[in-house]
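Let's walk through a protein model together, one side chain at a time. Keep the picture open as you read, and try to find each residue as it comes up.

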Amino acid sequence: PQLKGRLSRRPIGELIANALKAGAESGEIAVGDPTLVAQMLWESYISVLRRAGRHGLTLDAVKRRVRDEAAVILAGARG
(Lines give C-alpha, C1' and ligand atoms only; values in the text may rest on other atoms or scores of the structure.)
Protein backbone atom coordinates (compact mmCIF):
# COMPACT_ATOMS: atom_id res chain seq x y z
CA PRO A 1 0.00 0.00 0.00
CA GLN A 2 2.82 2.42 0.81
CA LEU A 3 4.52 1.86 -2.56
CA LYS A 4 1.19 2.13 -4.37
CA GLY A 5 0.54 5.47 -2.69
CA ARG A 6 3.94 6.83 -3.63
CA LEU A 7 3.61 5.72 -7.23
CA SER A 8 0.17 7.26 -7.63
CA ARG A 9 1.50 10.65 -6.47
CA ARG A 10 4.35 10.81 -8.96
CA PRO A 11 3.73 11.06 -12.70
CA ILE A 12 6.33 8.41 -13.51
CA GLY A 13 4.99 7.74 -17.00
CA GLU A 14 5.21 11.42 -17.79
CA LEU A 15 8.79 11.61 -16.52
CA ILE A 16 9.77 8.63 -18.68
CA ALA A 17 8.00 10.11 -21.71
CA ASN A 18 9.82 13.43 -21.22
CA ALA A 19 13.17 11.63 -21.02
CA LEU A 20 12.36 9.68 -24.19
CA LYS A 21 11.32 12.86 -26.01
CA ALA A 22 14.54 14.58 -24.98
CA GLY A 23 16.57 11.58 -26.12
CA ALA A 24 14.76 11.52 -29.44
CA GLU A 25 15.21 15.26 -29.96
CA SER A 26 18.95 15.00 -29.27
CA GLY A 27 19.26 12.02 -31.61
CA GLU A 28 20.46 9.77 -28.79
CA ILE A 29 17.55 7.35 -29.23
CA ALA A 30 14.84 6.73 -31.80
CA VAL A 31 11.27 6.21 -30.62
CA GLY A 32 8.12 6.46 -32.69
CA ASP A 33 5.67 7.37 -29.92
CA PRO A 34 7.40 8.39 -26.68
CA THR A 35 4.17 8.35 -24.66
CA LEU A 36 3.33 4.79 -25.71
CA VAL A 37 6.89 3.59 -25.14
CA ALA A 38 6.93 5.26 -21.70
CA GLN A 39 3.73 3.46 -20.76
CA MET A 40 5.15 0.14 -21.93
CA LEU A 41 8.39 0.67 -19.99
CA TRP A 42 6.50 1.60 -16.82
CA GLU A 43 4.14 -1.38 -17.08
CA SER A 44 7.10 -3.68 -17.68
CA TYR A 45 8.84 -2.32 -14.58
CA ILE A 46 5.74 -2.83 -12.42
CA SER A 47 5.38 -6.36 -13.79
CA VAL A 48 8.97 -7.18 -12.85
CA LEU A 49 8.38 -5.87 -9.32
CA ARG A 50 5.29 -8.04 -8.94
CA ARG A 51 7.18 -11.13 -10.10
CA ALA A 52 10.06 -10.28 -7.79
CA GLY A 53 7.70 -10.18 -4.84
CA ARG A 54 6.04 -13.46 -5.71
CA HIS A 55 9.21 -15.34 -6.58
CA GLY A 56 11.70 -13.77 -4.19
CA LEU A 57 14.04 -12.43 -6.85
CA THR A 58 17.24 -10.73 -5.78
CA LEU A 59 17.85 -7.06 -6.48
CA ASP A 60 20.46 -8.02 -9.09
CA ALA A 61 17.95 -10.30 -10.84
CA VAL A 62 15.35 -7.52 -10.85
CA LYS A 63 17.84 -5.03 -12.31
CA ARG A 64 18.87 -7.51 -15.00
CA ARG A 65 15.28 -8.25 -15.93
CA VAL A 66 14.30 -4.56 -16.06
CA ARG A 67 17.33 -3.77 -18.23
CA ASP A 68 16.61 -6.68 -20.60
CA GLU A 69 12.91 -5.85 -20.96
CA ALA A 70 13.66 -2.16 -21.53
CA ALA A 71 16.17 -3.09 -24.25
CA VAL A 72 13.55 -5.18 -26.06
CA ILE A 73 10.92 -2.45 -25.81
CA LEU A 74 13.30 0.26 -27.02
CA ALA A 75 14.57 -1.92 -29.87
CA GLY A 76 11.01 -2.36 -31.12
CA ALA A 77 10.22 1.34 -30.69
CA ARG A 78 12.62 2.60 -33.28
CA GLY A 79 9.65 2.85 -35.56
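Start with Glu 69, which is buried, with a relative accessible area of 15%. This value comes from a predicted model, so keep that in mind throughout, since buried here stands for a relative accessible area under 20%.

Arg 51 is partly exposed, with a relative accessible area of 23%.

Glu 69 also meets the side chain of Arg 65 in a salt bridge, at 2.6 Å from N to O. Arg 65 and Glu 69 are four residues apart in helix α4, so about one helical turn separates them. Arg 65 is partly exposed, at a relative accessible area of 41%. Through shared partners, salt bridges join Arg 51, Arg 65 and Glu 69 into one network.

How many salt bridges does a search of the whole structure find? The search finds three, and here they are side by side:

| Salt bridge | N to O distance |
|---|---|
| Arg 65 and Glu 69 | 2.6 Å |
| Arg 67 and Asp 68 | 4.0 Å |

In the pair of Arg 67 and Asp 68, Asp 68 is partly exposed, with a relative accessible area of 42%. As a general point, side chains of opposite charge can pair when their charged atoms come close.

**The two sides of helix α4**

Now step back to the helix that holds Glu 69. Helix α4 covers residues 59–76, 18 residues in all, and at 1.5 Å a residue it should span 26 Å; its end C-alpha atoms are 26 Å apart, which agrees.

Which residues of α4 are buried? They are Ala 61, Val 62, Glu 69 and Ile 73. These residues cover an arc of only 100 degrees around the axis, which puts them on the same side of α4. On the other side of α4, Leu 59, Asp 60 and Arg 67 are exposed. What covers the buried residues of α4 includes α3, residues 34–55.

Ala 61 counts as buried at 18% relative accessibility. The C-alpha atoms of Ala 61 and Val 48 are separated by 9.7 Å, and the two residues are 13 residues apart along the chain.

**The nonpolar core**

Ile 73 belongs to the largest nonpolar core, which has eight residues in all: Ala 17, Leu 20, Val 31, Val 37, Ala 38, Leu 41, Ile 73 and Ala 77. Helices α2 (12–26) and α3 each supply at least two residues of this core. The largest share, three residues, comes from α3.

Leaving out residues up to four places away in sequence, Leu 20 touches Ile 29, Val 31, Pro 34, Val 37, Ala 38, Leu 41 and Leu 74. In soluble globular proteins, nonpolar side chains tend to be buried together.

Definitions and conventions. Residues numbered from 1 in each chain as written. Predicted model: local features only at pLDDT ≥ 70, side-chain atom pairs only at ≥ 80, totals over all residues. Heavy atoms only, no water. Expected span 1.5 Å × (residues − 1). Buried < 20%, exposed > 50% of the residue type's maximum accessible area, 1.4 Å probe, protein only. Arc of directions from axis to C-beta. Contact = heavy atoms within 4.5 Å. Core = buried A, V, L, I, M, F, W, Y, C linked by side-chain atoms within 4.5 Å.
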